[in-house]
Amino acid sequence: MTGLSSEDISHQRDAQLQFKREAAQAAVKYIEDGMAVGLGSGTTASVMIDALAVRVKNENLRIRAIPTSEASGEQARRLGITLSDFVQDPILDIAIDGADEVHRETLTLIKGRGGALLREKIVASAARKFIVIVDDRKIVDSLGSRMPLPIEVIPWGWERIQTLLISKIGARTAHPRTEKDGRIYQTDNHNFILDCVFDPITDAASLARDIAAITGVVDHGLFIDMASEVLVAGQNGVASLRR
């Protein structure tokens, strides 16, 4: 946003928020009475949960939801959405979440900037249909071109994992995510996240295998062959991308 006035920046943010609302409204139309639903995390998912809560209230929609973060769970509970778990609902009818990057051709995703990638991947993998909602800035031709790849690791020995990600896997940098006060950020599962910058990712499947093979890695933010559909909101409305 370099060179833009504060007013221009404000207009861009307002437009992006409107795009998120439009994508969220399109996504929650997929949810039907009686469904078990996975709720994503992050700013876009928060807008989606708000939209879903309106349907629950206005249409007396009876659903059960499994959230991917403590924050999403608290929001859903406060808005009157009934929460569930994998004992009651081992298979979800649908999950809806945002993404940090979406590869235009393969619909491979990078997720995890919100710090919930592990729970997000568990929920997405449990769903019969996984709907991703983004604004058009998130669509890329090369993964890793705009965002680092988050990798969730156990706290003990994270420094060795960091070294291996650079020396063995080829990350240019692998910085531990930190809070504003400088403390290392911890996920809801009390793990650390290393935000890794790679050269544009050309073989996501191979990179995912190499990362997962490092002892101490819990999971990574590459979501491969998981998205059923991506709803992309922009100036011309909401478009649908499918594999």
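These are my notebook entries on a predicted model.

**Entry: A51**

I began with A51, which sits in helix α2, residues 43-59. Is A51 buried or exposed? I found 9% relative accessibility, so A51 counts as buried. The cut-off for buried is under 20%. Leaving out residues up to four places away in sequence, I noted that A51 touches Q25 and V28. I also checked A51 against A27, which is 24 residues apart from A51 along the chain. Their C-alpha atoms are separated by 9.3 Å.

**Entry: the open sheet**

Next I looked up a sheet of 4 strands. I read its order as β9-β10-β8-β11, an open sheet with antiparallel pairing. Which strands stand at the edges? They are β9 (173-176) and β11 (217-220). Each has a single partner strand, so one side of each is left without a neighbour in the sheet. On average, neighbouring strands here are turned by 30° against each other, direction ignored.

I then followed β9 to its partner. It runs antiparallel to β10 (residues 192-197), and 4 bridges join the two. Within this pair, P176 stands opposite L194 of β10. A helix packs on this sheet too: α5, residues 158-167. I listed its contacts as β8 (149-153), β9, β10 and β11. The direction of α5 makes about 160° with that of β9.

**Entry: β13 and its two partners**

I moved on to β13, residues 229-234. How many of its residues are buried? The count is 6 of 6, so I wrote the strand down as mostly covered. E229, L231 and A233 point one way from β13, while V230, V232 and G234 point the other way. Both sets are buried.

I found β6 (residues 130-135) running parallel to β13, joined to it by 5 bridges. There I131 stands opposite E229. The pairing of β13 with β14 (residues 237-242) is antiparallel and covers 6 bridges. V232 has A239 of β14 as its bridge partner. β13 and β14 form a hairpin, with 2 residues between them. As a reminder to myself, strands of a sheet pair through backbone hydrogen bonds, either parallel or antiparallel.

**Entry: cavities**

The largest cavity holds about 40 Å³ of space. I listed its lining as T68, S69, G115, A116, L118, R119, E152, T187, D188 and N189. By class, that lining has 2 nonpolar, 5 polar and 3 charged residues.

The second largest cavity holds about 30 Å³. Its lining is G38, L39, G40, T68, A95, I96, D97, E120, V123, A124 and F130. Which elements give two or more residues to this lining? I noted β1 (36-39), β3 (94-97) and α4 (117-125). The lining divides into 6 nonpolar, 3 polar and 2 charged residues.

**Entry: the largest pocket**

Which of its 18 lining residues are the closest to its centre? I wrote down G42, T43, D100, R113 and G114. The lining as a whole has 3 nonpolar, 8 polar and 7 charged residues.

Definitions and conventions
Residues numbered from 1 in each chain as written. Predicted model: local features only at pLDDT ≥ 70, side-chain atom pairs only at ≥ 80, totals over all residues. Heavy atoms only, no water. Buried < 20%, exposed > 50% of the residue type's maximum accessible area, 1.4 Å probe, protein only. Contact = heavy atoms within 4.5 Å. Pairing = 2+ DSSP bridges. Axes fitted to C-alpha atoms, helices over the stretch in contact; angles between N-to-C directions. 1 Å grid on protein atoms, 1.4 Å probe; cavity = no way out; pocket = protein on both sides within 12 Å on 5 of 7 lines; lining within 4 Å. Points joined across faces, edges and corners; volume = space filled by probe spheres on them. Nonpolar A, V, L, I, M, F, W, Y, C, P; charged D, E, K, R; others polar.
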